[in-house]
Amino acid sequence: MSIFFSTIGIILLCVSASDISESIERKSWPVLMATVINTDIIGERAYSPQLECEYQVEGIVYTLTTDLKTPGFGRKKTRRQTSEIILEDYPKGSKVRIRYNPENPGEAFIRTGPYWSDYLKISLGVVISS
């Protein structure tokens, strides 16, 4: 059984290391300004903010839809309030700085990471593989 957990832990460590590496790479992507076209709070039990933006690369319009990688911790009411507070920073029509993948301009991020979930996977991987 310990070999099983060690293997799972090592897999988690490898996945999280890869995710963090990708986050670091995204920080070097080109930056441009996108326009917020819609915001919403999605979910029924685990609320999260949803932000929709449009941006152009070489005359082509792209749409980015993101939950900003917001963790769903806390009680239901608290998660909804947190989502509302986050979305106050992104009113419809406002400009937001994004980074886009120069090899695939349809891939873009407002928050490039690493995210809380990456650190959670590393922690869990260390604990499980020990």
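**A loop, then the rest**

Guide: Let's start with Glu58, which lies in the loop between strand E2 (48-57) and strand E3 (60-66). Keep in mind that this is a predicted model.

Visitor: Okay. Is Glu58 buried or exposed?
Guide: Glu58 counts as exposed, because its relative accessibility is 80%, and the cut-off for exposed is over 50%.

Visitor: What about its phi angle?
Guide: Phi of Glu58 is near 50 degrees. That is a positive value in a residue other than glycine.

Visitor: Let me zoom out. How many helices and strands are there?
Guide: The protein chain has three helices and five strands. Along the sequence they follow the pattern α-β-β-β-α-β-β-α.

Visitor: And how much of the chain is buried?
Guide: Of the 130 residues in the protein chain, 33% are buried. The chain exposes about 8200 Å². Carbon and sulfur atoms supply 56% of that area.

Visitor: What share of contacts joins residues at least 24 apart?
Guide: Take the contacts between residues at least 6 apart in sequence. Of these, 64% join residues at least 24 apart.

Visitor: New topic: rings. How many aromatic pairs does the structure hold?
Guide: It holds two aromatic pairs. One of them is Trp29 with Phe109, and that pair is tilted. The ring centres are 5.9 Å apart, with 45 degrees between the planes.

Visitor: Where do Trp29 and Phe109 lie?
Guide: Trp29 lies in the loop between H1 and strand E1 (31-42), and Phe109 is in strand E5 (residues 104-109). The pair therefore ties together parts that are 80 residues apart in sequence. Both Trp29 and Phe109 are buried.

Visitor: What about Tyr55 and Tyr62?
Guide: Tyr55 and Tyr62 form a stacked aromatic pair. Here the values are 5.5 Å centre to centre and 25 degrees between the planes. Tyr55 is buried, and Tyr62 is too.

Visitor: How accessible is Gly106?
Guide: Gly106 is partly exposed, with a relative accessible area of 39%.

Visitor: Back to Phe109. What lies over its face?
Guide: Arg26 lies over the face of Phe109, at 4.2 Å from the ring centre. Another arginine to look at is Arg80. Its charged end sits over the ring of Tyr47, 5.0 Å from the centre.

Visitor: How many salt bridges are there?
Guide: A search of the whole structure finds one salt bridge. The side chains of Arg80 and Glu84 make it, at 3.6 Å from N to O.

Visitor: Why can side chains like that pair?
Guide: Side chains of opposite charge can pair when their charged atoms come close.

Visitor: Where are Arg80 and Glu84?
Guide: Both lie in helix H2 (residues 76-88). They are four residues apart, about one turn of the helix. Arg80 is partly exposed at 33% relative accessibility. Glu84 is partly exposed as well, at 36%.

Visitor: What about Ser83, buried or exposed?
Guide: Ser83 counts as buried, because its relative accessibility is 1% and the cut-off for buried is under 20%. Ser83 lies in helix H2. Beyond neighbours within four places in sequence, Ser83 is in contact with Ile41, Tyr47, Ser48 and Pro49.

Visitor: Where is Ile41?
Guide: Ile41 is in strand E1. At 17% relative accessibility, Ile41 counts as buried. Its contacts beyond four places in sequence include Arg80, Ser83, Glu84 and Leu87. Ile41 and Gln81 are 40 residues apart in sequence and 9.9 Å apart in space, C-alpha to C-alpha.

Visitor: Last one. Which residues make the nonpolar surface patch?
Guide: Phe4, Phe5, Ile8, Ile11 and Val15 make a nonpolar surface patch of about 420 Å². Ile11 is found in helix H1 (residues 2-26). Ile11 is partly exposed, with a relative accessible area of 46%.

Conventions
Residues numbered from 1 in each chain as written. Predicted model: local features only at pLDDT ≥ 70, side-chain atom pairs only at ≥ 80, totals over all residues. Heavy atoms only, no water. Patch = residues over 30% accessible without salt bridge, like charges linked within 9 Å, V, L, I, M, F, W, Y side chains within 5 Å. Areas by Shrake-Rupley, 256 points an atom, 1.4 Å probe, with all protein chains shown as cover. Salt bridge = Lys/Arg side-chain N within 4 Å of Asp/Glu carboxyl O. Helix = DSSP H or I, 4+ residues; strand = E, 2+ residues; numbered from the N terminus. Buried < 20%, exposed > 50% of the residue type's maximum accessible area, 1.4 Å probe, protein only. Contact = heavy atoms within 4.5 Å. Phe/Tyr/Trp six-rings, centres within 6.5 Å; stacked < 30°, edge-to-face > 60°. Lys NZ or Arg CZ within 6 Å of the ring centre and 35° of its normal.
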